[in-house]
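Good morning, and thank you for coming.

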Amino acid sequence: MRNFAIALAAATLVLGAGAGAVSAGEYEITVDRVGIDTGDFTRTGVGFNGASPGPVLRFREGEDVTIRVTNNLTESTSIHWHGLILPYQQDGVPGISYPGIPAGETFTYRFPIVQSGTYWFHSHTGFQEPDGAYGAIVIEPKEPEPYAWDREYVVQLADAHPHSGNRIMRNLKMMPDYYNRKQRTLFDFLGDAEDKGFGAALSDRKAWGDMRMMPTDIEDLQGFTPLINGKGPAQNWTGLFSPGERVRLRFINSSAMTYFDIRIPGLEMTVVQADGNEVQPVVVDEFRIAVAETFDVIVEPKDDRAYTIFAESMGRTAYGRGTLAPREGMASEVPALRQAPLLTMADMGMAHGEHGGMDGDMAHAAMGHEPPKPEAVDHSKMDHSAMGHDAPKPEAMDQSKMDHAAMGHDAPKPEAMDDSEMDHAAMGHGESEPLRGPDPFYAPGSGLKPEAADGGRFLSYADLKARAPLYPHRPATREIELELTGNMERYTWSINGVKYADAEPIRLQYGERVRFKFVNTTMMTHPMHLHGMWSILDNGSGEWNPIKHVISVAPGTTVYMETEVDAPGQWAFHCHLSYHADAGMFRKVIVEGGPPEEAADLAERERG
Amino acid sequence: MHRFWKRLAGALIPAALAASAAEAEPLIWGIQVEQAEYRIGEGSDVAAWDFDVLAGSDELKVVWRSEGEYATGEEAFETLENQLRLQTPVTDFFDAVAGVRLDTPKGPDRIHGVIGLHGLTRQWFEVDADLFVSDHPSFRFEVEYEGLITNRIVFVPSIEFDLPFTDDAATGQGAFGPTLEVGGRISYDLVDRLVSPYVGVHYERKFGETADLARADGEEAGAVFFVIGTRFMF
């Protein structure tokens, strides 16, 4: 009870801080054991300031913040400021930034706020984040944003599970399909046989059985209740509006494991920010939010009626639901879950082996991504023909290195700049729906490619263009290939076949621009998150490539991102699916060089 | 085997030094009870179990495997074996196994060394192939399949084949006289995958010299049982 009272007092303080009751830039956060009630089940979990989700922290671009975090747990904890650009010692990752915050102790974070937008924070210790330790961050910009809205809400999604994170991980290790209740059954087989003939149904089964993989491996973790701002579907979180108002919704996916497809039937959404950064506005009917991403949208509900915010899990096993309404207590129709998707052989990366050209690279080329310079073309082809994605890892690695050396990646070619302009001309963004080509961020023939519920427009990564580039556009100084790897049957996850515990850090040099090539050879979608520096998604928009902190990589695809290496120190780089990260799809990144005092501090740390 | 010992060392040594590694991997542990059942037959009824208790890492697990059959009429263990096994991955889907097996049923005790393979074949067959090395060597092959009727009702056919290589009259084994067990169990996942009660049939048949020894002992060479039991996983 006493803890609760303290937490309550602290929560009041934080709320007060927003209102200017406490000197600006000072925040208190406690990490507490809390009760969580989803409407479907109750459990104990971990929260901030006595609640899960924690508070919405409101910062101002340009201020220096001081945040005292007191650990009221009986175990160590941490807070990571997801997407924030800050000194690495303040990043909050135990074992990389600092040792963590021991039970009963207070750690004081101090850092300048150098950006604006929607972000979030969460524990980076064990499974405290899946257990409820997450909150939202809203940063007011120095300069007003180039669009207007009358009111705004944070819409923070989560996938609360009745089992603790530790128990989930143990169960997954014992039996990887423990939480998959969408497997193909005898009745599915009979249905298939009826639909496409016994022979076809059998050969489909055989093909999957030969690989010992399941077309239903879309959600590792089922049986959760999606939450919107801590409320389950029955508890119906509600945001009020007056008809005709423009409402800004700051969507944050704080789930441990769940991608959501989000729509508000009856309303178009204008996407204005992705991962906290301004994008050229895109009007969509539905969008997919990867784990840890944020999207800001503006909606204009004109009618005096309730609108349902419907967040369907990608595997269609559950939905989150909230409401926008003119008055409390109103509700609108809740759509039914659509049919669960099934993975196809394209998602399995079968295309890699069988037809070398049909993977994500091909899609890139098809987008007009293909650089005009012969040597650059060679590069993409060589990677392809030489690498054989299903070849054993060590060789693949060597070859990628050889490619680099041979291809002159570290010699920036100014001509490569041209390709961005080409892309623009060729890509035809903003064309009406029928003219848009296949989504290059899904393997051709993928079972995962989303479609808007009522035939409208579904946001693609290809639609995202930065409103203003953060960095001068320049060619990458080198490319690093990261194959996303795993063994579903053993529930091991890794990068280039090596899990975190056995991996060497990735070393980057301060001042370089690194191009990361993600090759997803697993059957799952991985939201890759680099701490401390921006991830510039290469979606063919060249200098207007969007600036993100999470890059989602669908199965059977190759996706590129570039990073201006401008933050010395050591950083985490990982898949944001909690159980994948914990199982080893994680790397430490060390940025060497940079300002002398930072470099000295880093050298000290590496020795120690 | 070189790889095996390297992994053994790799798994055991860091455990002691885990404090230095921020990313110390947590211990994986669990209990998998494949069978805990009562077999009702024409002769004596039998209480039987088959479980694994395991602990370790991705690279190396220690497994206590126990199997037993207790004849309620005779109030004696027809079979009672315990194995302590080390298990390490050798391919994407197969683990190598090495350990010891101690048999302590009615009659004389036996100790065997165990080497084997444990894993998942194409088309999802769960396979155990073990060679038991001792004065009375034998080979055992077990295969099991989980057929999903629905996502909660599961049909599990299984076959176990034991082949002794030498005579061991004291334990009723005749050289190259195999014992075959065939089962079919339908389970329902009552609580998650924690408790899955089942009913089924279990058939046992001895062949060759082993069958002769059984008959000489006044037993049938083959028997069919109706079974009721539960799977359990924690």
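In what order do the strands of the open sheet of five strands in chain A stand? Please bear in mind that this is a predicted model. The order is S11-S19-S18-S13-S16, and the pairing is mixed. At the edges stand strand S11, residues 237-240, and strand S16, residues 286-289; each has a single partner strand, so one side of each is left without a neighbour in the sheet. From one strand to the next, the twist averages 20 degrees.

Let us look at one pairing in that sheet. Strand S13 of chain A, residues 260-263, is joined to S16(A) by four bridges, and the two run antiparallel. As a point of reference on the display, A:Asp261 stands opposite A:Arg288 in S16(A).

I turn now to the contact between the chains. The size of an interface is often given as the accessible area lost when the parts come together. Here, chain B and chain A bury about 3200 Å² between them, with 53% of it on carbon and sulfur atoms. Which three residues supply more than any other three of the area that chain B buries against chain A? They are B:Phe93, B:Trp124 and B:Arg193, and they supply 21% of that area. As for the residues taking part, 37 come from chain A and 34 from chain B.

On the side of chain B that touches chain A, strand S1 (28-40) and strand S5 (94-103) of chain B each supply at least two residues. S1(B) gives the most to that side, with five residues.

A:Ile36 lies in strand S1 of chain A, residues 26-37. Is A:Ile36 buried or exposed? A:Ile36 counts as buried, because its relative accessibility is 10%, and the cut-off for buried is under 20%. Leaving aside neighbours within four places in sequence, A:Ile36 is in contact with several residues, among them A:Phe41, A:Ser52, A:Asp131 and A:Gly132. A:Asp131 is 95 residues away along the chain, yet the C-alpha atoms of A:Ile36 and A:Asp131 are separated by 9.2 Å.

Most residues other than glycine have a negative phi, and most peptide bonds are trans. A:Ser52 and A:Pro53, however, are joined by a cis peptide bond, with omega about 0 degrees. A:Pro53 is found in the loop between strand S2 (42-48) and strand S3 (56-60) of chain A.

A:Asn229 has a positive phi, near 50 degrees, and lies in the loop between strand S10 (225-228) and S11 of chain A. A:Asn229 is buried, with a relative accessible area of 19%. A:Asn496 has a positive phi of about 50 degrees although it is not a glycine. Its place is the loop between strand S21 (492-495) and strand S22 (506-509) of chain A. A:Asn496 counts as buried, at 12% relative accessibility.

That concludes the presentation. Thank you for your attention.

Key
Residues are numbered from 1 along each chain as its sequence is written. Chains are lettered from A and ligands numbered from 1 in the order in which they are written. This is a predicted model: local features need pLDDT of at least 70, side-chain atom pairs count only at pLDDT 80 or more; totals for chains, interfaces and linings use all residues. Side-chain values use heavy atoms; hydrogens and water are left out. Two strands pair if DSSP finds at least two bridges between them. Axes are lines fitted to C-alpha atoms, for helices over the stretch in contact, and angles run from 0 to 180 degrees between N-to-C directions. Buried means under 20% relative accessible area, exposed over 50%, partly exposed in between (1.4 Å probe, protein chains only). Contact means heavy atoms within 4.5 Å. Buried area is the accessible area (1.4 Å probe) that two parts lose on being put together, summed over both.
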